[in-house]
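Dear colleague,

I am handing over the structure we spoke about, and below it you will find my notes on what turned up when I went through it. Please read them with the model open beside you.

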Amino acid sequence: MTWYPLHDSYGNPEYRTCDVGHQQPNTWLRSNLISVPNKVKKVNITIEYRTVNCTTFRRTNFCREYFDFYVHQSTTLSAPDPLQSKATYEKIAEITLPTLGINAKRHFGFQVKGKFIVLAFHNRGSCSNIHSVTVSYLVCPEITVVSGLVSLPRSVAPVTNSVPVQGGCVTNAIYNKGILSLECKSDGVWNISSLKGRCTCREDTENSGGECKDCPSDKFNDQNGFNCTVIPSAPKIVQVIFINHSALELKWQPPATTGDQTQVFYDVECRKRCEGENDNKCEDISCGSDVIFIPKRDGLNMTCVTAGNLSPFVKYTVKIHARNRVSDLAKRKYGIEANFGEITVGTNGPAHWRDQHRLPLHGPSNRRRNAHHKKMTKLRDSRVVVNEDVAMSSVAERQKVDDFRLDRDQITTVKVLGSGNFSQVSKAVYKPLNSEVAVKSLKGNASKRDLEDMLTELDLMKILKPHPHVVELIGCCIEKDPLLIVLEYLPYGDLLGYLRKSRGIEDAYNTGERRPSSALTEKDLLSFAWMIADGMNYLSTMEIVHRDLAARNVLVGDSKVCKITDFGLARGLKGDIHIRKKQARLPAKWMPPESLFHGKSSTKSDIWSYGIVMWEVFTIGESPYPGVKPKEIAGLLRTGYRMPKPSYISQELYSIMSNCWEEQPEKRPSFQWLCSAVKRLLDDHKTYVNLEVYDGKDYINFDMMMDEEAGPMDHLWSNFLPILILVAGLASSDQEVLIEKPECDSCSWNWTILQTAEPGYTGWYEKGSPPEYLACINNFNVSTSRPNSWLRSDKITVNEAKRLDVTVRYFIADCSSMGKKGENKCVNAIDLYVKQSNQDIIDKSNYPNPLSHTTSYEKIAELGHPTKVKTSKTVPVVIKGKFLFLAFHNNGACSILYSVKVSYNFCPEKTLGNNLLVLPRTAAPANVLEISRVEGRCKENAVQLVSSLHAYCDSRGSWNKTSFEGRCICKEDMENTDGRCQACPNGKYNDEKGFNCTSLPSAPRNTTVAFVNQSVVEITWLLPAETGDHTLVSYDVECLIRKVCINSACLYEPCGDDVAYRPKKQGLEMTHVTLEGLSSKVNYTLRIYARNRVSEVAKRRYGVEGKFEAISVRMKESAAPSMKALKTEENVN
């Protein structure tokens, strides 16, 4: 019989063959010629088939339970007959009997060698049906990478690995940077992360789902890869802070509308008011170049400015122009000027200046005069200390708050926004400003400690100048109960709730009245991180440590502006460190080890908290240390644990985050460095947060949910932390088989049968291939009593096992099928016994006999429940000795033992490449709820980073990947390469901190003189082009006196100890330095060296110095002070 076509029960065509007769068949089924496209290098074949088991046929001499699959490949239009030209066909696979005897589907792939292929199936005696054959090849489909605006064509997948495919910019987009290619993988899937380039939309268009579309009306775009946005509205409430006859200090509030994905900066325009007789013909004139602006006139990133060198008794009009990234474009293309706020003042004394907008100024005209010049120590000394016998009203009398005092009657409460145990925050309207404000107040049950904290918060906020990323203090009311602190109002509430609401998850604690209008973007998240760092940088310069920095203590305003708030735990610093001397309610999950264990707080502890806030931001509202209770944080940090990198953020972004979590505070970066690092990512056009693969379901482990749903799991976590961690991620387990009978189809078990002869019973006996043990009743008429038949195993050596699993495949006949005669002579079960001992018995004749020593065996299972099919059962045996014997007892069952397998679980030897840790093979614990703590060792050329190297092995023989304690790192000048410590490449070094090798930084760039006179010079520079990987860059300054130069060679000598460096000479984290105490009319050469974490290693081991950029400076000649300057000093004094 050959292959023949037919149709199945559904009418689908198929081929069948079934030739198991008297001789070996040789039949082929051949396909038509199949043409393969030129670029296709691999073809996939899917075959759906069925093959019948040969045991269903009586005469099976030539029956086979498989048929063969062949392929012929050619460059010509030929399809040879496989009967005649079998050699031209290549055997691809043997298609075997499906495991369950039903329809099966097999997949094959082979590399293309010609333009045409022919498929053939060869039958040598099987009974088979081929239901379908599919011939296909894989392609990477045409796609557009939305984030990069790169279009990729449909491409044939490679045979192995991946190939780069060149893409192009979509319509109306222009090339921005990098290589516009994407890797097409062998499985037909694009590797999105391999895209190293990007395009950006042209001016006045934006990325809308991968297309560049025109900006909406009144919006603009600047071709830098962001979305369209509006220009900012005018700054609000321009006010005079200080004025005299020659100087003026102004402040204002940020615009109500700032624009999206942008920072707002300000330009100051100053004009003298015209005082002519005919105002219609009179024009204001520019203030001129004599007027100076501190810190600068254009591009201000703060909301205050000081103007100096003004003339007395002159009226000035000052305009504050608000600009953002599209302001220049709006002016250049459409002539649209920036919006501004203005104020007119006169320098003829505080009593005569007036506000052209007639905005009321509350409090004396010298409000906050010189407040920002006062030292923190003075404010700290004047802070109120609350004693138990001092009422709040007397505190008010002693506290000097006139500059901030508000009229309580001018505050109208609208509603309560949020309430805690001792305080609440309300939304209110402050009538003199006609604006919404937030009012913080204490409840009646507040303690004196709560009052003290609130007064401390007020003290600290009074010294703060307005900052765009710190919540501003409007004023206070403390003349009577209750104490009120009035703050600016931000309508979106706290950042934590804002993040969660953006994902559609409600947060009952969020006080925001408005909701996010859309899902957050990567730029939004980076912008949040930058604004928080910017606000904290300002607080650190004011020597304030926040101590409670968290996403819940950051508020969100219009245009997604973030501002630091809640200074209830904040403290001023005496020196560099604040030491907590009494108990306090502190946020454990945001605290570094030195604060948890020793009560020490500093700016560096705020930096640790900032790293936690970054985690909150980039997980879009996840609780830190998910699933861990606050009381367990201290123990977790002692092990060196740090939260791992979320899979969808880049290593560079995670490095910034993890740098904040350095164990030693001095190794953590500064807020100034963090501002620069995050700003660089924000301004870059790479993808650092791939929200396309972000799965919010992975990040819903909120602490508030844990509290609401607390139950038995909470108790289990606190008592069995390692067990719960095991659920998080299990490594593959292994099993050691001690015995498996029968070992092969023809292998005898060679077990020992021990029994007393009973008439009518066979007892245990071996039969068949593969061999089986049987026992049954063979004659009801002669049997008088039940048998006592035992089947004993050979000696089993336990080795390292702590628990054995005995798996038995057996069959028990139902006694009810034997009629009344077998009713009293048959049982429905056999029993399994075990004998354990620490004594090794060498002579088999001395093996314990269960017939004569039954009590030495322990019954561990009854194998019963008769069925009509084979049954399998696994029985656990807890190890009590080094050796054991198994014994099966039959006292009347009609039974068959098909196989017995004795095994135990173990955690295999495991090498953790990332941790450079080797874990030894370890037997699994006996109890299912038990885990074994196993000590590991470092790999070759690696050293131990922390005191312990442990992991946990569970009863299933699985290592817990997330519970590893400790870590190893490569030795100096080596790096982790695929789990091995290898020497650094030439030109790179390493410092034994667990990072990869990196190069030294290149020289600083664009070193310039920002200021110079006869004794002082200020130098600024830009970051090096190359900084190295996983490292911070610092700078050392070398000052040299240039003595003489001949051609290009000069002689130098060091400047000496009388030169002072501000802020310091070595280890600078900023890109500017001031040198004082220099000599006039002297030529100096200043060298700025760039250093990173491997600079010291390169110099110590190889004598390689860092790279530097030098600048030459000639100090000015000393000059006598002018009469105008002397006069000014007299007036000031």
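**Disulfides**

The link between C776 and C894 is left-handed, with -90 degrees about the S-S bond. It joins distant parts of the chain, since C776 sits in the loop between β45 (772–775) and β46 (788–792) while C894 sits in the loop between β52 (883–890) and β53 (895–907), 118 residues apart. The sulfur atoms of C776 and C894 are 1.7 Å apart, and C894 counts as buried at 15% relative accessibility. Please bear in mind throughout that this is a predicted model.

In the whole structure, the search finds 14 disulfides. Another of them joins C201 to C212, with an S to S distance of 2.2 Å, and the torsion about this S-S bond is about -90 degrees, so the disulfide of C201 and C212 is left-handed. C201 belongs to strand β20 (residues 198–201) and C212 to strand β22 (residues 211–214), so the pair ties together parts that are eleven residues apart in sequence. Both cysteines are buried, C201 with a relative accessible area of 5% and C212 at 9%.

N172 counts as partly exposed, at 38% relative accessibility, and its C-alpha is 9.6 Å from that of D214, although N172 and D214 are 42 residues apart in sequence.

A further disulfide joins C970 to C981, S to S 2.2 Å, and this link is left-handed, with -90 degrees about the S-S bond. C970 lies in strand β61 (residues 968–970) and C981 in strand β63 (residues 980–983), and the pair links these distant parts of the chain, eleven residues apart. C970 is buried at 7% relative accessibility, as is C981, with a relative accessible area of 10%.

C476 is itself buried, with a relative accessible area of 1%.

**Salt bridges**

Side chains of opposite charge can pair when their charged atoms come close. The search of the whole structure finds 44 salt bridges, and one of them is made by the side chains of K465 and E249, at 3.7 Å from N to O. K465 lies in the loop between α4 and β34 (473–477) and E249 in strand β24 (residues 248–253), so the pair ties together parts that are 216 residues apart in sequence. K465 is partly exposed, with a relative accessible area of 25%, whereas E249 counts as buried at 8%.

K859 and D831 form another salt bridge, in which the closest N and O atoms are 3.4 Å apart. Here strand β50 (residues 858–863) holds K859 and strand β49 (residues 830–837) holds D831, so the pair ties together parts that are 28 residues apart in sequence. K859 is partly exposed at 41% relative accessibility, while D831 is buried, with a relative accessible area of 12%.

The side chains of R1101 and D973 also meet in a salt bridge, at 3.8 Å from N to O. This pair links distant parts of the chain, with R1101 in helix α15 (residues 1095–1102) and D973 in the loop between β61 and β62 (974–977), 128 residues apart. Salt bridges that share partners join E972, D973, E1096, R1100 and R1101 into one network. Within it, R1101 counts as partly exposed at 41% relative accessibility, and D973 is buried at 8%.

**Helices and surface**

Helix α4 (residues 448–462) has 15 residues and spans 21 Å from its first C-alpha to its last, close to the 21 Å expected. Twelve of its 15 residues are buried, so that α4 is mostly covered, and among them are L451, M454, L455, L458 and K462. In helix α10 (residues 651–659), the buried residues are L653, Y654, S655, I656, M657 and N659, and their cover includes α6 (522–541), α8 (603–618) and α11 (671–683).

I1046 lies in strand β66 (residues 1034–1046) and is exposed, with a relative accessible area of 59%.

With best regards

Technical notes:
Residues are numbered from 1 along each chain as its sequence is written. This is a predicted model: local features need pLDDT of at least 70, side-chain atom pairs count only at pLDDT 80 or more; totals for chains, interfaces and linings use all residues. Side-chain values use heavy atoms; hydrogens and water are left out. Helices (H or I, at least four residues) and strands (E, at least two) are DSSP runs, numbered from the N terminus. The expected span of a helix is 1.5 Å times one less than its number of residues. Buried means under 20% relative accessible area, exposed over 50%, partly exposed in between (1.4 Å probe, protein chains only). A disulfide is a pair of cysteine sulfur atoms within 2.5 Å. Contact means heavy atoms within 4.5 Å. A salt bridge is a side-chain nitrogen of Lys or Arg within 4 Å of a carboxyl oxygen of Asp or Glu.
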